[in-house]
Amino acid sequence: MSERKKVSLPVLFDKMARGIPLTMVTCYDYPMAYLVEQAGIDIVLVGDSLGMTILGYDSTLPVTMSDMIRHAAAVRRGTPNTWLIGDMPYMSYQASDESAVLNAGRFMAEAACDGIKLEGGQEVVSRVKAIVAAGIPVMGHLGLTPQSVSSLGGFRLQGKSAKQAKKIVDDARALEDAGAMAILLELVPDQVCELITERAKVPIISLGSGPNASGQLLIFHDMFGLYPKFTPKMAKKYGDADKVIGDGLKQYVAEVIGKVFPEPERYFGIKDEEYQELRRLVAAEE
Ligand code: KIV
(Lines give C-alpha, C1' and ligand atoms only; values in the text may rest on other atoms or scores of the structure.)
Protein backbone atom coordinates (compact mmCIF):
# COMPACT_ATOMS: atom_id res chain seq x y z
CA MET A 1 0.00 0.00 0.00
CA SER A 2 1.29 3.49 -0.85
CA GLU A 3 2.23 5.73 2.05
CA ARG A 4 1.12 8.96 0.39
CA LYS A 5 -0.61 11.66 2.43
CA LYS A 6 -4.40 11.70 2.34
CA VAL A 7 -5.70 13.96 -0.41
CA SER A 8 -7.85 16.71 1.12
CA LEU A 9 -9.81 19.68 -0.24
CA PRO A 10 -6.94 22.11 0.57
CA VAL A 11 -4.56 19.81 -1.37
CA LEU A 12 -6.90 19.90 -4.39
CA PHE A 13 -7.35 23.70 -4.25
CA ASP A 14 -3.61 24.20 -3.82
CA LYS A 15 -2.91 22.13 -6.95
CA MET A 16 -5.52 24.12 -8.85
CA ALA A 17 -3.98 27.42 -7.73
CA ARG A 18 -0.54 26.22 -8.86
CA GLY A 19 -1.87 25.09 -12.24
CA ILE A 20 -1.15 21.40 -11.56
CA PRO A 21 -3.87 19.39 -13.35
CA LEU A 22 -6.01 17.22 -11.09
CA THR A 23 -6.36 13.54 -11.98
CA MET A 24 -9.67 11.76 -11.52
CA VAL A 25 -11.08 8.37 -12.51
CA THR A 26 -14.37 6.59 -12.06
CA CYS A 27 -13.96 3.13 -10.55
CA TYR A 28 -16.14 0.66 -8.76
CA ASP A 29 -14.43 -2.05 -6.72
CA TYR A 30 -11.54 -2.91 -4.42
CA PRO A 31 -8.96 -4.29 -6.90
CA MET A 32 -9.40 -1.35 -9.31
CA ALA A 33 -9.35 1.09 -6.41
CA TYR A 34 -6.13 -0.41 -5.12
CA LEU A 35 -4.44 0.18 -8.50
CA VAL A 36 -5.82 3.71 -8.68
CA GLU A 37 -4.40 4.56 -5.25
CA GLN A 38 -1.00 3.11 -6.18
CA ALA A 39 -0.96 5.28 -9.32
CA GLY A 40 -1.37 8.45 -7.22
CA ILE A 41 -4.72 9.58 -8.68
CA ASP A 42 -6.16 12.58 -6.78
CA ILE A 43 -9.91 11.94 -6.96
CA VAL A 44 -11.99 8.79 -7.42
CA LEU A 45 -15.64 8.87 -8.37
CA VAL A 46 -17.73 5.81 -7.66
CA GLY A 47 -20.04 6.62 -10.56
CA ASP A 48 -23.57 5.41 -11.14
CA SER A 49 -22.16 4.40 -14.53
CA LEU A 50 -21.60 1.13 -12.64
CA GLY A 51 -25.19 0.39 -13.62
CA MET A 52 -23.95 -0.06 -17.17
CA THR A 53 -20.32 -1.12 -16.76
CA ILE A 54 -20.71 -3.52 -13.81
CA LEU A 55 -24.38 -4.44 -13.60
CA GLY A 56 -25.10 -4.59 -17.34
CA TYR A 57 -28.14 -2.28 -17.47
CA ASP A 58 -28.69 -0.14 -20.59
CA SER A 59 -28.70 3.09 -18.57
CA THR A 60 -27.83 4.42 -15.11
CA LEU A 61 -31.45 4.83 -14.09
CA PRO A 62 -32.00 1.47 -12.32
CA VAL A 63 -29.05 2.00 -9.94
CA THR A 64 -30.06 2.17 -6.26
CA MET A 65 -28.48 3.72 -3.18
CA SER A 66 -27.73 0.20 -1.91
CA ASP A 67 -25.76 -0.55 -5.10
CA MET A 68 -23.82 2.68 -4.69
CA ILE A 69 -23.03 2.24 -1.01
CA ARG A 70 -21.84 -1.35 -1.52
CA HIS A 71 -19.42 -0.27 -4.27
CA ALA A 72 -18.33 2.99 -2.63
CA ALA A 73 -17.39 1.15 0.56
CA ALA A 74 -15.36 -1.39 -1.43
CA VAL A 75 -13.56 1.40 -3.30
CA ARG A 76 -12.79 3.18 -0.02
CA ARG A 77 -11.10 0.02 1.28
CA GLY A 78 -8.75 0.17 -1.72
CA THR A 79 -8.20 3.95 -1.70
CA PRO A 80 -7.67 5.12 1.86
CA ASN A 81 -5.77 8.25 0.77
CA THR A 82 -7.65 9.32 -2.35
CA TRP A 83 -10.43 11.96 -2.36
CA LEU A 84 -13.48 9.73 -2.74
CA ILE A 85 -16.77 10.92 -4.23
CA GLY A 86 -20.01 8.95 -4.19
CA ASP A 87 -22.34 9.57 -7.13
CA MET A 88 -25.96 10.22 -6.14
CA PRO A 89 -28.06 7.78 -8.20
CA TYR A 90 -31.32 8.56 -9.98
CA MET A 91 -34.11 9.60 -7.59
CA SER A 92 -31.83 9.76 -4.56
CA TYR A 93 -31.97 13.60 -4.59
CA GLN A 94 -34.55 14.70 -7.16
CA ALA A 95 -37.58 14.46 -4.83
CA SER A 96 -36.63 16.80 -1.98
CA ASP A 97 -33.81 18.55 -0.13
CA GLU A 98 -34.43 16.24 2.79
CA SER A 99 -34.01 13.01 0.78
CA ALA A 100 -30.92 14.52 -0.85
CA VAL A 101 -29.29 15.26 2.54
CA LEU A 102 -30.18 11.84 3.96
CA ASN A 103 -28.80 9.96 0.94
CA ALA A 104 -25.68 12.13 0.72
CA GLY A 105 -25.16 11.41 4.41
CA ARG A 106 -25.28 7.67 3.75
CA PHE A 107 -22.26 7.96 1.44
CA MET A 108 -20.33 9.66 4.26
CA ALA A 109 -21.50 7.44 7.14
CA GLU A 110 -21.65 4.03 5.43
CA ALA A 111 -18.89 4.28 2.81
CA ALA A 112 -16.52 6.87 4.34
CA CYS A 113 -16.69 9.06 1.22
CA ASP A 114 -15.21 12.57 1.22
CA GLY A 115 -18.06 14.10 -0.77
CA ILE A 116 -20.84 13.42 -3.26
CA LYS A 117 -21.64 14.32 -6.86
CA LEU A 118 -25.04 15.13 -8.31
CA GLU A 119 -26.23 16.07 -11.77
CA GLY A 120 -27.92 19.32 -12.76
CA GLY A 121 -27.63 23.12 -12.66
CA GLN A 122 -29.94 25.83 -11.36
CA GLU A 123 -32.70 23.28 -10.72
CA VAL A 124 -30.59 21.51 -8.05
CA VAL A 125 -29.29 24.63 -6.29
CA SER A 126 -31.46 24.11 -3.21
CA ARG A 127 -30.24 20.47 -3.01
CA VAL A 128 -26.62 21.59 -3.19
CA LYS A 129 -27.16 24.24 -0.51
CA ALA A 130 -28.90 21.75 1.79
CA ILE A 131 -26.18 19.10 1.40
CA VAL A 132 -23.36 21.64 1.85
CA ALA A 133 -25.16 23.01 4.93
CA ALA A 134 -25.03 19.47 6.33
CA GLY A 135 -21.23 19.64 6.04
CA ILE A 136 -20.93 17.41 2.97
CA PRO A 137 -18.78 18.58 0.02
CA VAL A 138 -20.62 18.54 -3.32
CA MET A 139 -19.30 18.18 -6.85
CA GLY A 140 -21.70 19.44 -9.55
CA HIS A 141 -22.12 17.75 -12.95
CA LEU A 142 -23.14 19.67 -16.08
CA GLY A 143 -23.23 19.09 -19.83
CA LEU A 144 -24.09 15.52 -20.70
CA THR A 145 -25.86 14.35 -17.56
CA PRO A 146 -26.69 10.65 -18.10
CA GLN A 147 -29.65 10.60 -15.70
CA SER A 148 -31.41 13.07 -18.07
CA VAL A 149 -30.21 11.41 -21.27
CA SER A 150 -33.75 11.00 -22.54
CA SER A 151 -34.52 14.76 -22.36
CA LEU A 152 -31.04 15.60 -23.74
CA GLY A 153 -31.71 13.55 -26.86
CA GLY A 154 -29.01 10.91 -26.36
CA PHE A 155 -25.31 10.72 -25.49
CA ARG A 156 -24.14 13.76 -27.47
CA LEU A 157 -22.16 17.00 -27.18
CA GLN A 158 -24.02 19.59 -25.08
CA GLY A 159 -23.90 23.40 -25.41
CA LYS A 160 -23.17 23.67 -29.12
CA SER A 161 -25.13 26.91 -29.64
CA ALA A 162 -24.26 30.15 -27.82
CA LYS A 163 -27.65 30.04 -26.08
CA GLN A 164 -27.22 26.46 -24.83
CA ALA A 165 -23.62 27.17 -23.82
CA LYS A 166 -24.70 30.29 -21.89
CA LYS A 167 -27.09 28.11 -19.89
CA ILE A 168 -24.17 25.83 -18.93
CA VAL A 169 -22.05 28.88 -17.96
CA ASP A 170 -24.94 30.18 -15.81
CA ASP A 171 -25.50 26.74 -14.27
CA ALA A 172 -21.82 26.50 -13.34
CA ARG A 173 -21.97 29.89 -11.65
CA ALA A 174 -25.16 28.89 -9.80
CA LEU A 175 -23.58 25.67 -8.52
CA GLU A 176 -20.46 27.50 -7.39
CA ASP A 177 -22.56 30.17 -5.62
CA ALA A 178 -24.54 27.38 -3.93
CA GLY A 179 -21.31 26.04 -2.43
CA ALA A 180 -20.22 23.25 -4.83
CA MET A 181 -16.53 22.45 -4.26
CA ALA A 182 -15.93 21.42 -7.88
CA ILE A 183 -17.84 21.01 -11.13
CA LEU A 184 -17.55 18.22 -13.66
CA LEU A 185 -18.22 19.18 -17.28
CA GLU A 186 -19.10 16.16 -19.40
CA LEU A 187 -19.00 16.45 -23.18
CA VAL A 188 -19.23 20.21 -23.61
CA PRO A 189 -17.22 22.11 -26.25
CA ASP A 190 -13.61 22.86 -25.36
CA GLN A 191 -14.11 26.66 -25.52
CA VAL A 192 -17.10 26.52 -23.18
CA CYS A 193 -15.07 24.48 -20.69
CA GLU A 194 -12.20 26.98 -20.94
CA LEU A 195 -14.52 29.95 -20.36
CA ILE A 196 -16.08 28.32 -17.29
CA THR A 197 -12.64 27.34 -15.93
CA GLU A 198 -11.31 30.90 -16.35
CA ARG A 199 -14.20 32.33 -14.36
CA ALA A 200 -14.49 29.63 -11.67
CA LYS A 201 -12.91 29.73 -8.23
CA VAL A 202 -13.42 25.98 -7.77
CA PRO A 203 -11.83 23.14 -9.76
CA ILE A 204 -13.49 22.37 -13.10
CA ILE A 205 -13.01 18.76 -14.20
CA SER A 206 -13.27 17.82 -17.87
CA LEU A 207 -14.71 14.58 -19.18
CA GLY A 208 -14.50 14.89 -22.95
CA SER A 209 -14.55 18.69 -22.63
CA GLY A 210 -10.99 19.44 -23.62
CA PRO A 211 -7.69 20.29 -21.96
CA ASN A 212 -8.51 23.74 -20.57
CA ALA A 213 -9.88 22.61 -17.22
CA SER A 214 -8.42 22.18 -13.72
CA GLY A 215 -8.38 18.42 -14.17
CA GLN A 216 -9.37 15.40 -16.26
CA LEU A 217 -11.66 12.43 -15.66
CA LEU A 218 -11.84 9.08 -17.41
CA ILE A 219 -13.85 5.96 -16.66
CA PHE A 220 -11.64 3.01 -15.67
CA HIS A 221 -13.56 0.54 -17.84
CA ASP A 222 -13.15 2.77 -20.92
CA MET A 223 -9.42 3.22 -20.23
CA PHE A 224 -8.77 -0.52 -20.29
CA GLY A 225 -11.36 -1.86 -22.74
CA LEU A 226 -13.52 -3.43 -20.06
CA TYR A 227 -16.93 -2.24 -21.27
CA PRO A 228 -17.90 -4.50 -24.17
CA LYS A 229 -20.77 -2.45 -25.63
CA PHE A 230 -18.85 0.66 -26.77
CA THR A 231 -15.95 2.99 -25.97
CA PRO A 232 -16.93 6.66 -26.28
CA LYS A 233 -14.76 8.78 -28.60
CA MET A 234 -13.75 11.04 -25.70
CA ALA A 235 -12.22 8.09 -23.83
CA LYS A 236 -8.60 7.14 -24.45
CA LYS A 237 -7.67 3.49 -24.14
CA TYR A 238 -4.53 3.07 -22.02
CA GLY A 239 -4.40 -0.72 -22.10
CA ASP A 240 -6.07 -3.86 -23.44
CA ALA A 241 -7.24 -5.56 -20.26
CA ASP A 242 -10.05 -7.11 -22.31
CA LYS A 243 -7.47 -8.85 -24.51
CA VAL A 244 -5.27 -9.92 -21.59
CA ILE A 245 -8.26 -11.40 -19.74
CA GLY A 246 -9.89 -12.87 -22.87
CA ASP A 247 -6.64 -14.56 -23.96
CA GLY A 248 -6.07 -15.88 -20.45
CA LEU A 249 -9.55 -17.39 -20.26
CA LYS A 250 -9.15 -19.07 -23.67
CA GLN A 251 -5.82 -20.52 -22.54
CA TYR A 252 -7.43 -21.78 -19.31
CA VAL A 253 -10.21 -23.53 -21.26
CA ALA A 254 -7.62 -25.13 -23.57
CA GLU A 255 -5.43 -26.24 -20.66
CA VAL A 256 -8.30 -27.81 -18.71
CA ILE A 257 -9.56 -29.67 -21.78
CA GLY A 258 -5.98 -30.64 -22.68
CA LYS A 259 -5.31 -31.77 -19.06
CA VAL A 260 -2.38 -29.34 -18.75
CA PHE A 261 -3.95 -27.52 -15.81
CA PRO A 262 -3.58 -28.07 -12.88
CA GLU A 263 0.17 -28.68 -12.92
CA PRO A 264 1.68 -30.75 -10.02
CA GLU A 265 2.90 -27.63 -8.20
CA ARG A 266 -0.71 -26.36 -7.88
CA TYR A 267 -2.17 -29.20 -5.84
CA PHE A 268 -1.33 -31.06 -2.67
CA GLY A 269 -1.20 -34.67 -1.47
CA ILE A 270 -0.97 -36.57 1.80
CA LYS A 271 1.77 -39.02 2.82
CA ASP A 272 1.50 -42.44 1.20
CA GLU A 273 0.95 -44.24 4.53
CA GLU A 274 -1.96 -41.85 5.33
CA TYR A 275 -3.43 -42.52 1.92
CA GLN A 276 -3.16 -46.32 2.35
CA GLU A 277 -4.85 -46.02 5.73
CA LEU A 278 -7.60 -43.88 4.16
CA ARG A 279 -8.19 -46.57 1.52
CA ARG A 280 -8.34 -49.21 4.20
CA LEU A 281 -10.95 -47.18 6.19
CA VAL A 282 -13.07 -46.58 3.10
CA ALA A 283 -12.83 -50.24 2.02
CA ALA A 284 -13.82 -51.40 5.51
CA GLU A 285 -17.13 -49.57 5.15
CA GLU A 286 -17.97 -50.96 1.72
O1 KIV B 1 -21.24 7.73 -13.29
C2 KIV B 1 -20.19 8.19 -13.74
O3 KIV B 1 -19.17 7.53 -13.90
C4 KIV B 1 -20.21 9.61 -14.05
C5 KIV B 1 -19.19 10.06 -15.01
C6 KIV B 1 -19.65 9.71 -16.38
C7 KIV B 1 -18.94 11.49 -14.86
O8 KIV B 1 -21.06 10.33 -13.61
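Axes here are lines fitted to C-alpha atoms, for helices over the stretch in contact, and angles run from 0 to 180 degrees between N-to-C directions. With that in hand, here are some close-up views of this predicted model.

**Figure 1. Helix 6 packs against helix 8 at an angle of about 25°.**
In this view the axes of the two helices are 9 Å apart. Angles under 35 degrees count as roughly parallel, so helix 6 is roughly parallel to helix 8. The crossing in which helix 6 passes helix 8 is right-handed. To find the contact, look for Val125, Val128, Lys129 and Val132 on the helix 6 side, which meet Ala174, Leu175 and Ala178 on the helix 8 side. Sorted by class, the contact of helix 6 with helix 8 holds six nonpolar residues, no polar ones and one charged residue.

**Figure 2. Helix 5 (residues 97-111) meets helix 6 (residues 125-133) at an angle of about 45°.**
The axes of helix 5 and helix 6 lie 9 Å apart. The two helices are therefore oblique to each other. Helix 5 passes helix 6 in a right-handed crossing. From helix 5 come Asp97, Ala100, Val101 and Ala104, and their partners in helix 6 are Ser126, Arg127, Ala130 and Ile131. Five nonpolar, one polar and two charged residues make up the contact of helix 5 with helix 6.

**Figure 3. Helix 8 packs with helix 9 (residues 190-199), their axes crossing at roughly 25°.**
These axes come within 10 Å of each other. At that angle, helix 8 is therefore roughly parallel to helix 9. Helix 8 passes helix 9 in a right-handed crossing. Helix 8 brings Ala165, Ile168, Val169, Ala172 and Arg173 to the contact, while helix 9 brings Val192, Leu195, Ile196 and Arg199. In the contact of helix 8 with helix 9, seven residues are nonpolar, none is polar and two are charged.

**Figure 4. Aspartate 171 and lysine 167 form a salt bridge.**
Zoom in on this pair and you will find the closest N and O atoms 2.8 Å apart. Both residues belong to helix 8 (residues 162-178), and because they are four residues apart there, about one helical turn separates them.

**Figure 5. Leucine 187 has a positive phi.**
Most residues other than glycine have a negative phi, and most peptide bonds are trans. Leucine 187 is not a glycine, yet its phi is about 50°. Look for leucine 187 in the loop between strand 6 (182-186) and helix 9.

**Figure 6. A cis peptide bond joins phenylalanine 261 and proline 262.**
Omega for this bond is about 0°. Proline 262 sits in the loop between helix 11 (241-257) and helix 12 (272-285).

**Figure 7. The domain assignment gives domain 1 (9-239) and domain 2 (244-285).**
The C-alpha centres of domain 1 and domain 2 lie 48 Å apart.

Key:
Residues are numbered from 1 along each chain as its sequence is written. This is a predicted model: local features need pLDDT of at least 70, side-chain atom pairs count only at pLDDT 80 or more; totals for chains, interfaces and linings use all residues. Side-chain values use heavy atoms; hydrogens and water are left out. Domain bounds come from an automatic or database domain assignment. Angles under 35 degrees count as roughly parallel, over 145 as roughly antiparallel, 65 to 115 as roughly perpendicular and the rest as oblique. A crossing is left-handed if the near helix is turned anticlockwise from the far one by less than a right angle, and right-handed if clockwise. Contact means heavy atoms within 4.5 Å. Ala, Val, Leu, Ile, Met, Phe, Trp, Tyr, Cys and Pro count as nonpolar, Asp, Glu, Lys and Arg as charged, and the others, Gly among them, as polar. A salt bridge is a side-chain nitrogen of Lys or Arg within 4 Å of a carboxyl oxygen of Asp or Glu.
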